[in-house]
Amino acid sequence: MVLELLGLYLYSYLAGSVPTAYLIARVVKGIDIREYGSGNVGGSNVIRQLGKKWAMPLAGIEFILKGLSPVLFAYLLAEQSSELQRTSALFLLPPLIALAGNNWSVFLGFQGGRGLMVVCGMLIALVPLLFLVAISIYLVGWRVSKSSAVWALIALLLLPVLPHLPGGALALDWPGLWNWVANGPQIQVPPAQIVAISWFGVAILGLVVAKRLMSNTLRFPEDTSRSGVMLNRLVHDRDVDNREVWVSRAPDHSEKD
């Protein structure tokens, strides 16, 4: 069981580390996407640099490889061993490790994306009702305010809170959800499951916020204070106040070696 778990954790990190956005940008346009726009190795920067048509293949790989597959393999392992409980840290670690791999990829010198597509994939695979509520909050907030980064942060902040809503239905995994549908809402969600999913949300929040603050570089713009940069990174997921300046950045190739 120990070897199987270690193998799953290693797979999760390597799968998460696959730099999908970087590879797509290299193949399609021959660029290092980290040098353009936000510098983020993720979906929003791919859309800006390559066009919307590349969002779907990117999202498919991120969802399935990085978000879904670690959870599915954890389910398969849990089916083979009664020792691996679905509310245990050992069971919940694989998707978190995949998220860490995405954010700090061994293939990119421990740079990466923010992992929001990966988060969506893992939530769909693990706690579908929680995903539906969180993504609805994000989409409505984004539609009203036009601020994607702010509402992504708000949705992430709510992940540890939402499972504690009365009834605990948002903490249900797929097997629990099928049981809930088959036997009616009078089924009690185990308190341990609610607590486990709440802490799972805390871990997701921590990994995404850490990546926002660290970005892909520790260099700070000369015309902005460090506290201002860190606040912008946390709230707006960029280093400067002006969004258009940030997303339109490109390397200066005017000087030749």
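How do the residues of the lining of the largest pocket divide into nonpolar, polar and charged? I will come to that after one caveat: this is a predicted model.

The lining of the largest pocket has 25 nonpolar, eleven polar and eight charged residues. In total, 44 residues line this pocket, and the space in it comes to about 1,200 Å³. If you want to find its centre on the screen, look for S44, L116, Y138, W142 and S148, which lie nearest to it. As for secondary structure, α3, residues 43-50, and α12, residues 243-247, each give at least two residues to the lining, and so do α4, α6, α7 and α8.

Next, the cavities. The count is two, taking those of 30 Å³ or more. The largest cavity holds about 60 Å³ of space. Its lining consists of 15 residues, and those nearest the centre are V18, P19, V41, K66 and N102. Helices α1, α2 (20-29), α4 and α5 are the elements that contribute two or more lining residues here. By class, this lining has five nonpolar, eight polar and two charged residues.

The second largest cavity contains about 40 Å³. Lining it are R86, T87, F91, L126, V127, D173, Q193 and I197. That makes four nonpolar, two polar and two charged residues.

Which residues touch the most other members of the largest nonpolar core? They are L123, L126 and I204, in a core of 45 residues. The helices that each supply at least two residues of this core are α1 (2-17), α4 (55-80), α5 (89-103), α6 (116-126), α7 (128-145), α8 (148-158) and α10 (191-214). Helix α10 provides the largest share, nine residues.

Setting aside residues up to four places away in sequence, L126 touches V71, Y75, F91, L92, L172, D173, W174, I197 and F200.

Staying with helix α10, one of its residues is L205. Is L205 buried or exposed? Its relative accessibility is 15%, so L205 counts as buried, the cut-off for buried being under 20%. Beyond its neighbours within four places in sequence, L205 is in contact with L153, L156 and L157. For L156, the separation along the chain is 49 residues, while the C-alpha atoms of L205 and L156 are 5.6 Å apart.

Last, the aromatic rings. The structure has four aromatic pairs, and I will show one of them, Y11 with F73. The ring centres of Y11 and F73 are 5.2 Å apart and the planes meet at 85 degrees, so the pair is edge-to-face; the cut-off for that class is over 60 degrees. What does this pair tie together? Y11 belongs to helix α1 and F73 to helix α4, so the pair links parts that are 62 residues apart in sequence.

As for accessibility, Y11 is partly exposed, at a relative accessible area of 28%. F73 also falls in the partly exposed class, with 38% relative accessibility.

Key. Residues numbered from 1 in each chain as written. Predicted model: local features only at pLDDT ≥ 70, side-chain atom pairs only at ≥ 80, totals over all residues. Heavy atoms only, no water. Core = buried A, V, L, I, M, F, W, Y, C linked by side-chain atoms within 4.5 Å. Buried < 20%, exposed > 50% of the residue type's maximum accessible area, 1.4 Å probe, protein only. Helix = DSSP H or I, 4+ residues; strand = E, 2+ residues; numbered from the N terminus. Contact = heavy atoms within 4.5 Å. 1 Å grid on protein atoms, 1.4 Å probe; cavity = no way out; pocket = protein on both sides within 12 Å on 5 of 7 lines; lining within 4 Å. Points joined across faces, edges and corners; volume = space filled by probe spheres on them. Nonpolar A, V, L, I, M, F, W, Y, C, P; charged D, E, K, R; others polar. Phe/Tyr/Trp six-rings, centres within 6.5 Å; stacked < 30°, edge-to-face > 60°.
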